[in-house]
Amino acid sequence: MSLKATLLFIVRRLAAMAVLMVVLSFAVFSLVYLAPGDAVDALLGGKSSTPELVASLKEEYHLNEPFFTQYWIWARDALHFDFGASTQTTLPVTDEIGARFGSSVFLGVYAYVLTLLFGVVPGVIAALRRRRAVDRGLVAGAVVTLSTPPFVLGILLLYLFAVVVPVFPAAGKGEGFLDQLWHLTLPAVALALTISAFLLRHTRASMIGVLDQDYVAFARARGLASRRIMLRYLLRNALIPVVTVSGVLLTYFVTGAVLVESTFSLGGLGELLVQSAESGDLPMIQGLTLIIAVIIISANLLADLAYMAIDPRIRFERRS
Amino acid sequence: MVEGVVSLTKTFEARAKSPAKRRRLMPVSIALCFFFLAIMVLMVLFGPLLAPHDPQAQNALAGSAGPSAEHWLGTDMLGRDVFSRLVSGARSAISGPLVIAIGALVCGNILGLLSGYRGGILDFVIMRWVDLMVAMPSLLVIIVAAGALGGGYWMAVALLGVLSVPFDTRVIRAATLEQMPRPYVEAAKALGVPNRRIMFLHIWPNIAATAFANTFLVFAGSLIALSGLSFLGMGAEPGTPDWGQMLAENQSLLFANPVASIAPGVAIILAATATNLIGDWTFEKISSRGATR
């Protein structure tokens, strides 16, 4: 695929992304109207209503304007990261999200690194030792971890490493890099293990597929160093599908983070979402939903681009 | 996603082919899974009769106690018997996922058959919808919906059901496409059998095993998702004995009575592992049978 075609692909994907965001933002905006009661009730968030408060809310959220004008004003503000004020704390939603963004990203990156470690390495080992005891043990372990929700794993880890052998803290997110690393180790492991089981099966299947290829047998026959075969022939091809699933994995990360943050009281975005859903804090729910959606959609785009970058067959597909 | 277990069961099968063991119906691990599911069904049907105590009875004096002869798994903060709540909790752990799995089985099969058999624009529309739905993090969608519309167990079940349909649709469509070029479909078409009859009476019986195998996986997935929602306080009604909720309630008892939160966690893991393994095993049975045909 030429540079032009690549650019065309990216532009097309960006356009699809924009359409998706418009549809999604419309759905998110409509939440105020779908909520029981009218929009004012939803935005009051349980506070007692006085005529002055209702009037000021109607003014602030342009509730007297037609529906589509309201959407337009709301979407324009949202593009400038202005989602209104939380009905619970009356602070701007953007500030609340900004204050918790850091620790969630830290947890996500930490868990992602661990997932690669726990997923790819045993996956490759299982494939190389196919049908032996190691393989069977790893695969059986993967089924069990895959069936373990992150919060159950979180509680088991809490019990083992914060109660029985108290080496890690039971809650909180910590200050500074090392302290954060220490505080977030158990949550990151809880989040990573479930997802890495998925990655393990994927890596193993892909690796077995490559091991059966003639070019690998031929490389062995030519007497190439086994390390060279491993790196250049096996891993390079086997890890392509691993990159493609990373977009899907991110969805799991976001979902899992909600559960893990609540288990360990980390005060991140996921916990904020749960709290605002419990209190019916609509501006907060809207802001969080849009931000999470943008993260998931752009990560999927990145995964596609990475896929194109590493797999020449995709790039040259159209020329033939 | 099933490749992993596939080779595991393959080794079992290779062993089963030796003359002495040829007639073995299923590997021991799968038999254990069915046995565990049978226990679960018993707990659902006769839960209140099996439980040694009333799962709701509170006793402030005997709260947060460890396991004893009277209370096998100890008591929770309100002095309720953990073992009795665990047994009664099977009901809410099973009922929701069962409704979801059956609902998704019916809707997903109809959509998948239509998509695979008719093809064309209908196929395109259904598959784009599937792509969109599969990309959605279902737990988050349900949390957001619960926040805006007010939650509840059955609303979560309904939403999760809708979000599970695309998984069935995708699998059934692929299985249908596999059947399409076979002679019996051609023959039925040539004889002028109505399309609907071909889809449901000719093709479906051939892919029914795939449909049921997938249903086990959907069941396990929704059991995990629903227990997570209950853990967050958005699933089962507060107060009902529910495994996810027990974990959340008893998390603060990790020092006083750790079994109170670990036991329901293990119950979730066992139930999900059993159904996942059965689903994977059924898939493997189908693919190996297809290979020898």
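Student: What angle and what distance between axes describe the packing of helix α12 (residues 269-279) of chain A and helix α13 (residues 282-310) of chain A?

Tutor: Two packed helices are described by the angle between their axes and the distance between the axes. In this predicted model, α12(A) and α13(A) pack at an angle of about 145 degrees, and their axes are 9 Å apart. The crossing of this pair is left-handed.

Student: Which residues make that contact?

Tutor: From α12(A), the contact draws on L269(A), L272(A), L273(A), S276(A) and A277(A). From α13(A), M284(A), I285(A) and L288(A) take part.

Student: How many residues of the contact of α12(A) with α13(A) are nonpolar, polar and charged?

Tutor: The contact of α12(A) with α13(A) has seven nonpolar residues, one polar residue and no charged residue.

Student: How does α13(A) pack against α5(B), and what orientation results?

Tutor: The axes of α13(A) and α5(B) lie 10 Å apart and form an angle of about 160 degrees. Angles over 145 degrees count as roughly antiparallel, and α13(A) is therefore roughly antiparallel to α5(B). The crossing of α13(A) and α5(B) is left-handed. On the side of α13(A), the contact involves L282(A), I285(A), T289(A) and I292(A); on the side of α5(B), it involves L140(B), V144(B), G147(B) and A148(B). By class, these residues comprise six nonpolar, two polar and no charged.

Student: How many residues of each chain are in contact across the two chains?

Tutor: The size of an interface is often given as the accessible area lost when the parts come together. Here the description is by residue contacts: 40 residues of chain B are in contact with 42 residues of chain A. On the side of chain B, the elements that give two or more residues are α1 (3-16), α5 (138-149), α8 (195-231) and α10 (259-292). Among these, α10(B) gives the most, with nine residues. The side of chain B that touches chain A divides into 26 nonpolar, 13 polar and one charged residue.

Student: What is the overall architecture of chain A?

Tutor: One begins with the secondary-structure elements. Chain A has 14 helices and zero strands. The C-alpha trace of chain A spans about 85 × 60 × 35 Å along its principal axes. Of its 320 residues, 35% count as buried. Among contacts in chain A with a separation of 6 or more, 71% join residues 24 or more positions apart.

Student: Where does UniProt place the domain and the transmembrane regions of chain A?

Tutor: A record and the coordinates may be read side by side. The unreviewed UniProt entry places "domain: ABC transmembrane type-1" at residues 101-303 of chain A. In the model, this span is 84% helix and 0% strand, with its end C-alpha atoms 22 Å apart. The UniProt entry, also unreviewed for this feature, lists "transmembrane region" at several spans of chain A, including residues 14-35 and 140-161. Residues 14-35 of chain A are 95% helix and 0% strand, and their end C-alpha atoms lie 32 Å apart. For residues 140-161 of chain A, the values are 86% helix, 0% strand and 24 Å.

Student: Which spans of chain B carry the feature "transmembrane region"?

Tutor: The unreviewed UniProt entry lists residues 25-46, 94-117, 129-147, 207-234 and 254-279 of chain B. Residues 129-147 of chain B are 84% helix and 0% strand, with end C-alpha atoms 25 Å apart. Residues 207-234 of chain B are 89% helix and 0% strand, with end C-alpha atoms 36 Å apart.

Student: Is helix α3 (residues 51-60) of chain A buried or in the open?

Tutor: Of the 10 residues of α3(A), the number buried is zero, so α3(A) lies largely in the open. Just after α3(A), H62(A) takes a positive phi of about 55 degrees. By contrast, helix α9 (residues 243-250) of chain B is mostly covered, with seven of its eight residues buried; among them are W243(B), M246(B) and E249(B).

Technical notes:
Residues are numbered from 1 along each chain as its sequence is written. Chains are lettered from A and ligands numbered from 1 in the order in which they are written. This is a predicted model: local features need pLDDT of at least 70, side-chain atom pairs count only at pLDDT 80 or more; totals for chains, interfaces and linings use all residues. UniProt positions are given in the numbering used here, feature names are shortened, and annotations may be inferred rather than shown by experiment. Helices (H or I, at least four residues) and strands (E, at least two) are DSSP runs, numbered from the N terminus. Axes are lines fitted to C-alpha atoms, for helices over the stretch in contact, and angles run from 0 to 180 degrees between N-to-C directions. A crossing is left-handed if the near helix is turned anticlockwise from the far one by less than a right angle, and right-handed if clockwise. Two residues are in contact if their C-beta atoms, placed from the backbone, lie within 7 Å. Ala, Val, Leu, Ile, Met, Phe, Trp, Tyr, Cys and Pro count as nonpolar, Asp, Glu, Lys and Arg as charged, and the others, Gly among them, as polar. A residue is buried if 20 or more other C-beta atoms lie within 10 Å of its own, exposed if 12 or fewer, and partly exposed in between; C-beta atoms are placed from the backbone. Angles under 35 degrees count as roughly parallel, over 145 as roughly antiparallel, 65 to 115 as roughly perpendicular and the rest as oblique.
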